[in-house]
Amino acid sequence: MTTEYNGDSKASHNEKMQWWREARFGMFIHWGLYAIPQGIWKGKEIDGIGEWIMHRARIPVNKYEKLAGAFNPVEFNAKRWVKLAKRAGMKYLTITSKHHDGFALFKSNASPYNMVDATPFKRDVIAELAKECKKAGLKLCFYYSQKQDWHHPDASGNDWDFNPDEQDFAKYMEEKALPQVKEILTQYGPIGMIWYDTPQDITEAQTRAFVDAVYELQPDCLVNGRAGHDIGDYRSMGDNMIPPVRLKGDWETPATLNDTWGFKKNDKNWKSTKSLVCRLVDIVSKGGNYLLNVGPTAEGVIPNASVKRLKRMGKWLKVNGESVYGASASPSPHEQSWGSITSKPGRVYLNFVSWPDRKFKLYGLQSKVKKAYILSDRKKKDLPFKQENFPDSDVDVLRINLHSSRPDKYVSVVVLKVEGEPEMDPSIIQQADGSVVLEAVSASIQSPEEGSQLVSGRFGTLENWLRTEHVLQWDVKVIKPGIFDVMVFSQTEHGGEWEGAHRVSLDTGESKASGELLENERKSNPRTDVLRKEILSRIGRVMVSRAGRSTIAFQADHLNTEKGLGLKLRAVHLIPV
Ligand code: JFZ
C-alpha cells in the first residue's frame, strides 16, 4: 500500500490509522434494491451472492429500476441498527452507499436513482444512520462501487444493456461517480473511511482521482485497499479470506455471516458463533481487522439469525475484549494448533479455541512471565506456571496448570503478564501433538534463475509456480524426533479446478520423501473462501533422528503443465507416525 500518499508522513499516517487499529471489529451492511428479490427472480432461485442478482440474471436496467418504486422499508430504524453494532462490540459501520447496481442509499443531486428521489420511502437513510452513529460514538464509513455501475451507460459491468465499445468511463466519473463521492463526504459529517471495491481495469490516474477526492475533502478519512493500483491506507483481503500467517502492515478481512452479502431468503448457511469468535481472534492474531456483514431485508430488518450471533459475540467481547481491542498481532509469526495469540505491551493473550490438557505447554515464549490468569476471572486468581528451556532443541517452554473444564464455550482467554514487549521465537517449532506445520508463504525461497518469481497470493498460497527450479526452505526446531508422514496441501482454483500429478520431494537433510500429488482428500478451509478447496496428498515418509534445529527443503521435481495452473502450494505438514 502507498502509505506516504498525499504527502502524508509515516507519523501522520499512524495517527490517522489509530482509531482503526484500536477498533479491530466493524459492521458491514449490504443493503439496496436487491433485498427486494432476495435471491429469486421470476420465481427462479438465482445462484451466487444476493447483491449480484441484476448481473447474474441479466436483468435489464428498465426492469431492475422498477424495484425502486417498491422499496419501502417501513421497519427501518437507524437507531436499532446502530444499537446492534454497539451491542456486538463493533466500533465502526461500513454501509453500501452505492453498490454495483448503481442505486444510491443517500440523497444525490448527481443522480435521481437514489433513496430519496426514487422510492416511496423518500427518507435519507444515510442521514439517519449518520445521526445515530454520531450519538453512539461509532465511526461511519461508506462502501462506494467506483468502477462498476450497472445502471450507468458509461460505467463497467453491464454488458447486456450497454456496448462496452461505446462506453466513455470518463463521462461516468465526471457526471456520477466523483460527484457522488463528494456528496457522501460533504453531506454527513466526518466519515471514517471510504471503502472502494472491484477496481478491475481502472487506470492509475482514475484511481488517484477517486482517492484524491477523499483526501481533499476529508484528510483524516481512510481509504481501503480496493481503490486500485495498491493505493490506499491499508490492505483489503479477499472476501472471507484469512491469511495463514501474521502479516506486516494493516489489513482487513471483509466477511459474511452466511454465504451472501445482500439479503437472500434461502441462504441459511449461517456460521456458528464459536467459529465467528475464532475468526475474530485469528484475524487479530495476524494483525488485521474483521469487517463482518449483515444484509437487512427489504423491510429494513436485520435477519434474526444475524442478530442472535452478533449479540453473542458482543457478550463474549464484553468479558474478553481486552484481548481484541487495541491488541496487536501475535509475537510469533506462526499459527498455534490450540488457538490464537494476541498481544499488548506487557501482555500476551492466549485465545484457546480448543481447551487443552490441565498441563498446557506453550513453546517459544521468550519473555519472562510475571503472572498468569484467566481473563474472565474477576479475581485474577493466579494460575501456577513454570518457565524452562529444553536444552536438546533450544525451545523455551512455559508450562501452565489449567482447570480441567474450559471457562468459556466459545474461546477461553489466558492472560500472561510479561516484562516489556512480548517476544517469541521466530522459528517454526514442532507442535505439542508432534506435528510440524510448514506454511508455503513463510518459506524462504531459493530461485537460482531470474523470472518466474513465486509470489504470495491473496488466498494463502504461493502462486505462479510453473518451473521446477525453486526450492522452499524452512528452519524448524524439532523437540521429539521420529518418523513423519509428509502431507502436502495444495489449493484448487475458485470453483474447484485443480491440476495434480506434479512430482515433489521433501528433504530433511538425512532423509527424503518423493511422490506424486494425487488427490487423497478434498477439504474446505474455513480461513480461505469456500469455493477454493484444499487437496491433501500424502507423498511418503521422512525421518528426523535428533532434536534441535534442522532445515527442511521442498521442491517440485516435475510440474504438470497441461492446464497451466501451476502448483498452488498451501502447506506441508509432517505428522508423526
Ligand atoms: C465484492 C463485491 O462484488 C461483492 O458484491 C461484495 O460487495 C464484496 C464485499 O466485494 O466482491 C469481491 C471483491 C473482491 C474479492 C472477492 C469478491 N476478492 O478479492 O477476492
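A strand here is a DSSP run of E with at least two residues, and strands are numbered from the N terminus. By that rule, I483 sits in strand β24, which covers residues 482–491. The model is predicted.

**Nonpolar surface patch**

- I483, M543 and V577 make up a nonpolar patch on the surface.
- Together the three have about 260 Å² of accessible area.
- I483 has a relative accessible area of 42%.

**Positive surface patch**

- Positive charge gathers on the surface at K79, R80, K83, R87, K131, K311 and K318.
- Helices α4 (78–87) and α10 (304–320) each supply at least two residues of this patch.
- Which element gives the most to the positive patch? Helix α4 does, with four residues.
- K83 lies in helix α4. Is K83 buried or exposed? Its relative accessibility is 55%, so K83 counts as exposed.

**Aromatic pairs**

- How many aromatic pairs does the structure hold? There are 25.
- One of them joins W31 and W81, with ring centres 4.9 Å apart. Their planes stand at 75°, so the pair is edge-to-face. The cut-off for that label is over 60 degrees.
- W31 lies in the loop between β1 (25–29) and β2 (40–41), while W81 lies in helix α4. The pair therefore ties together parts that are 50 residues apart in sequence.
- W31 has 1% relative accessibility, so it counts as buried. W81 has 3%, so W81 counts as buried too.
- Y143 and W195 form a stacked aromatic pair. The distance is 5.7 Å centre to centre, with 20° between the planes. Stacked planes are under 30 degrees apart.
- Y143 belongs to strand β5 (residues 139–144) and W195 to strand β6 (residues 193–196). This pair therefore ties together parts that are 52 residues apart in sequence.
- Y143 and W195 are both buried.

**Aromatic cluster**

- Which residues form one aromatic cluster? They are W31, F71, F76, W81, F103, Y113 and F121.
- The cluster includes W31 and W81, whose rings form the edge-to-face pair described above.

Key:
Residues numbered from 1 in each chain as written. Predicted model: local features only at pLDDT ≥ 70, side-chain atom pairs only at ≥ 80, totals over all residues. Heavy atoms only, no water. Patch = residues over 30% accessible without salt bridge, like charges linked within 9 Å, V, L, I, M, F, W, Y side chains within 5 Å. Areas by Shrake-Rupley, 256 points an atom, 1.4 Å probe, with all protein chains shown as cover. Salt bridge = Lys/Arg side-chain N within 4 Å of Asp/Glu carboxyl O. Lys, Arg positive; Asp, Glu negative; His and termini not counted. Charge placed at Lys NZ, Arg CZ, Asp CG, Glu CD. Buried < 20%, exposed > 50% of the residue type's maximum accessible area, 1.4 Å probe, protein only. Phe/Tyr/Trp six-rings, centres within 6.5 Å; stacked < 30°, edge-to-face > 60°.
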